[in-house]
Amino acid sequence: MRGEPSCPKCGGRVRAPGLFADAWQCSAHGQVHPMQPVVPPSVEALGVVVHRARVPVWMPWPLPVGWLFTGAAYAGDDRSGGRATVVACSGPGPLGGMAELLLVAEELGVGLGARYAGLDGPDPGPGMRVDEAPDAKVLAAGRPTALWHVKDAPADRAVFAGEARGLWLWAVVWPEQSGLLMYDELVLTDLRDAGGEVDLLPCGALTPRLITPP
């Protein structure tokens, strides 16, 4: 089964556009860009997300040694295109054990990043102290990009947020201590700009974090 679209903010059911509404509707959040069903990770599935996306599809590239691509999804429909994307990767953590990283790019107010971050959302809110120095920096599409540690997130994960290409960039890392990954000047590529080397992407099993954000 392919499943049904859901609300990017809460995962609840959504109503398709119809006679009385020209946009997808969530009973709790009103008009939304629908989250499309997550499919098992493959180069082909990632290509669908990249093709539909109107926002970046961020991935550490090349992947760190031992890391695998473990899923991707987007929020949007055939008319609007992908207004938010999420890519999941997993591999050895900096302090041992396994780590998981979710990278979300989204337009203001979509709410997908906040959902995976465990925040009420739809955006980082006061937990992101932009009046202070950034906590981490990544190289996103060749540009140094500042990220702030979002302080209000649940204790089991590390959440960072910032702006890249005029849109929200979220990085959510499990477990919390593996947030050290974000201090290593991670290099992110927008897969819409990537070439044929993506065909060699190592794929792992689908992470359940994409399906049921904790």
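Predicted model: local features only at pLDDT ≥ 70, side-chain atom pairs only at ≥ 80, totals over all residues.
Let's start with serine 90, which sits in strand 6, a stretch covering residues 81–92. Its relative accessibility is 12%, so serine 90 counts as buried, the limit being under 20%. Which residues surround it, leaving aside neighbours within four places in sequence? Serine 90 touches Gly66, Trp67, Leu68 and Thr70, and also Met98, Ala99 and Glu100.

Now let's turn to charged side chains. Those of opposite charge can pair when their charged atoms come close. Across the whole structure, a search finds 10 salt bridges. One of them joins arginine 52 to aspartate 78, at 3.1 Å from N to O. This pair links distant parts of the chain, 26 residues apart: arginine 52 belongs to helix 1 (residues 43–52), while aspartate 78 lies in the loop between strand 5 (68–77) and strand 6. Arginine 52 is partly exposed at 31% relative accessibility, whereas aspartate 78 is exposed at 68%.

Another salt bridge brings together arginine 129 and glutamate 132, with an N to O distance of 3.7 Å. Here arginine 129 is partly exposed, at 35%, and glutamate 132 is partly exposed too, at 39%.

Our last stop is the salt bridge between arginine 165 and aspartate 190, at 2.7 Å from N to O. Arginine 165 is in the loop between strand 10 (158–164) and strand 11 (167–174), and aspartate 190 is in strand 12 (residues 187–190), so the pair ties together parts 25 residues apart in sequence. Arginine 165 is partly exposed at 44%, but aspartate 190 is buried at 1%. Through shared partners, salt bridges join Arg165, Asp190, Arg192 and Asp193 into one network.

Methods
Residues numbered from 1 in each chain as written. Heavy atoms only, no water. Helix = DSSP H or I, 4+ residues; strand = E, 2+ residues; numbered from the N terminus. Buried < 20%, exposed > 50% of the residue type's maximum accessible area, 1.4 Å probe, protein only. Contact = heavy atoms within 4.5 Å. Salt bridge = Lys/Arg side-chain N within 4 Å of Asp/Glu carboxyl O.
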